[in-house]
Amino acid sequence: MPDVYAPLQIKEGELIMDADRMVLNAYDASAVEEALVLKEKHGGEVEVVCIGPAKASETIRKALAMGADKATHIIASGDEEYDSASYAKILSAFFKDKEYDVIGLGKQSQDTDSGLTGSMVAEHLSLPYTTNAVGLEVENGNLVVKRQGDSGQEMIELPTPCAVTCSNDMNDPRIPNLKGIMASKRKPIDQVEISSLGIDETELQADTKVTSYEEKPARQAGKKYEGEAEEVAREVAQLLDTEANVL
Amino acid sequence: MSTILTYIAISDGKLKRSSLEVLSHCKSLADAAGASCEAVVIDANASSFIEGIQKYGASKVHVVEDPIFKNHMNTPLLKALSKVMSSINPSVFAFASTEGTKDVLGALAANQNAAVIADVASFKLIDGGVTAKRPVMAAKIMNNTEAKSDKVLVSVRSGSYDLNESPESAEVVNIDFSMDDSEMKSTLREIISASGDTIDLNEAEAIVAAGRGVKDEDGKALISELASVLKAGIGASRALTESGVYDPSLQIGQTGKVVSPQLYIAVGISGAIQHVAGMANSKVIVAINKDPDAPIFEVADYGIVGDLYKVLPPFIEEIKKIKS
């Protein structure tokens with residue numbers, strides 16, 4: 001995905017990013033990290049899958065440098081107008097005849113924050129799943145997920161194969177070291193064309209479309225009160241009552 | 001006549017205010033479009049909430065009542081929502097964007113082949129669908145997203161709309177539901193309830209949020225006292241939930257909860273963009289920070305530059321006086 005912290009501007013409703021760099025989505029990085037931790041504890045293999053234009057290969061190399069064993073790059077031109085549903089259909093078509101224990105995904109992407117693709121993939125593949133995971137364990141061959149719910153943390157046990165979307169509160173993704181970076185250059189990246197996945201192109205047409213971008217209505221900074229703590233504290237408390245009317 | 005359906009979420013035995021906000025908005029959309037405004041409630045005690053829902057203008061309340069809905073689990077919820085959609089066939093199905101909703105929204109859209117726009121700040125009807133405004137790019141900007149479909153799902157951030165009572169004597173429709181154990185795809189082992197009787201941040205009228213400046217038990221005690229005086233919920237910045245000072249469920253920000261209370265008091269919070277993304281829609285923001293250049297002051301209506309340990313005691317005392 002594009003780097004959300006790179007400078008950006010809006011011209012006549014269009015989003016213009018100054019930097020053309022792609023980065024690994026922070027939530028996806030947490031999913032990769034957690035997969036690596038599970039592999040270290042229980043063995044197995046970590047494979048990463050990415051849909052993106054040619055330049056996304058840098059992002060894939062980062063996951064390999066963190067320690068993933070191999071990768072698949074599903075090539076998109078970058079000009080398609082895909083939405084979450086389109087990506088979910090592509091991923092589901094890719095996973096359909098694959099063997100895996102767990103599909104780990106970021107709970108959302110940092111640029112659009114939609115958070116839809118994970119549960120869409122699970123539904124297409126009829127997989128048990130859960131979202132917003134903050135902890136993962138393997139017990140008796142099942143995945144035990146701690147998820148952050150509305151009013152507490154839910155411990156959910158899922159048989160494999162299953163899907164889980166990861167929060168970035170789960171871990172601190174490792175920074176690849178030099179050895180990892182060198183090793184990543186020798187790891188295989190399979191390139192796959194979307195057209196080879198057996199999906200009808202019309203099925204990928206998005207039902208939703210971004211029509212324009214705009215600035216957020218700016219919030220005006222109010223007044224700053226500096227001075228003797230006791231005095232300003234009392235003054236602001238009074239204003240909350242008499243002026244803002246929120247007490 | 002087309003139907004605009006609102007999902008009414010129940011949490012800890014209470015109607016979620018955020019879903020009533022969505023219902024209030026759907027009522028006005030339905031009135032303007034000549035559509036039918038209906039609601040659905042899915043809970044172990046669903047029928048006990050009918051009265052509370054009628055107040056906000058639903059002309060029909062669909063009720064799915066089954067003990068299995070005592071706690072949130074995505075398999076039964078998804079099955080019930082799919083059944084509701086198939087039988088009511090709404091043109092728009094609107095949700096409050098809770099963690100429960102986020103857990104099933106994509107799957108429901110895939111199951112029903114519906115278009116979906118998640119986590120919007122506002123939405124309205126257009127010819128052939130819905131258009132919505134969404135904060136994107138770390139909530140720095142907004143986009144306009146259109147969904148063209150005869151079935152559109154939309155989830156709305158809490159606090160986006162005001163509650164608006166317009167009582168209707170709604171027709172109540174019970175929807176049969178049953179689920180076999182063998183259909184359960186996962187098992188809920190336990191719920192670690194961190195909140196106990198604390199106030200749900202998405203529902204709170206006032207929130208006191210603690211940041212890195214809150215360094216010790218004395219600081220936490222001041223936060224608790226201020227919250228108690230204001231009957232406010234307690235939130236925290238990511239720094240304090242990551243270091244374990246506060247429970248992760250209390251994190252406010254882009255990756256935690258997005259809140260919009262009437263009053264938000266940020267104590268010792270610098271105001272990183274990720275935090276501001278989670279609270280900038282609050283009605284009145286107060287910031288207390290000793291760094292006069294802290295970015296939190298750029299969004300605060302009232303900024304107090306000072307040491308929170310010196311500011312909070314007289315601040316609390318003064319509010320107590322006003323309240324008494």
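Modeller: Two strands count as paired if DSSP finds at least two bridges between them. Strands (E, at least two residues) and helices (H or I, at least four) are DSSP runs, numbered from the N terminus. This is a predicted model, where local features need pLDDT of at least 70 and side-chain atom pairs pLDDT 80 or more, while totals for chains, interfaces and linings use all residues. Residues are numbered from 1 along each chain as written, chains are lettered from A and ligands numbered from 1 in written order, and side-chain values use heavy atoms, without hydrogens or water.

Colleague: What makes strands 16 and 17 of chain B a pair?

Modeller: Five bridges join strand 16 (residues 263-267) to strand 17, and the two run parallel. The definition asks for at least two, so they pair. In strand 17, B:Ala287 is the bridge partner of B:Ala266.

Colleague: Which residue of strand 18 of chain B is the bridge partner of B:Ala287?

Modeller: B:Gly303. Strand 18 (residues 302-305) and strand 17 are parallel too, over four bridges.

Colleague: Why is strand 17 of chain B called largely enclosed?

Modeller: Six of its six residues, 284-289, are buried. Buried means under 20% relative accessible area, exposed over 50%, partly exposed in between (1.4 Å probe, protein chains only). B:Val284, B:Val286 and B:Ile288 point one way, B:Ile285, B:Ala287 and B:Asn289 the other, and all are buried.

Colleague: How do you know that B:Asp301 and A:Arg219 form a salt bridge?

Modeller: Their N to O distance is 2.8 Å. The cut-off is 4 Å, from a side-chain nitrogen of Lys or Arg to a carboxyl oxygen of Asp or Glu, so the pair qualifies. The pair crosses between chains, from the loop between strands 17 and 18 of chain B to the loop between strand 11 (208-215) and strand 12 (223-226) of chain A.

Colleague: Are these two partners buried or partly exposed?

Modeller: B:Asp301 has 23% relative accessibility, so it is partly exposed. A:Arg219, with 24%, is partly exposed as well.

Colleague: What about A:Glu154 and A:Arg147?

Modeller: Their closest N and O atoms are 2.8 Å apart, in a salt bridge. A:Glu154 is at 7% relative accessibility, so it counts as buried. A:Arg147 is at 0%, so it counts as buried.

Colleague: Why is B:Arg212 called exposed?

Modeller: Its relative accessibility is 64%, so it counts as exposed. B:Arg212 lies in the loop between strand 14 (206-210) and helix 5 (217-230) of chain B.
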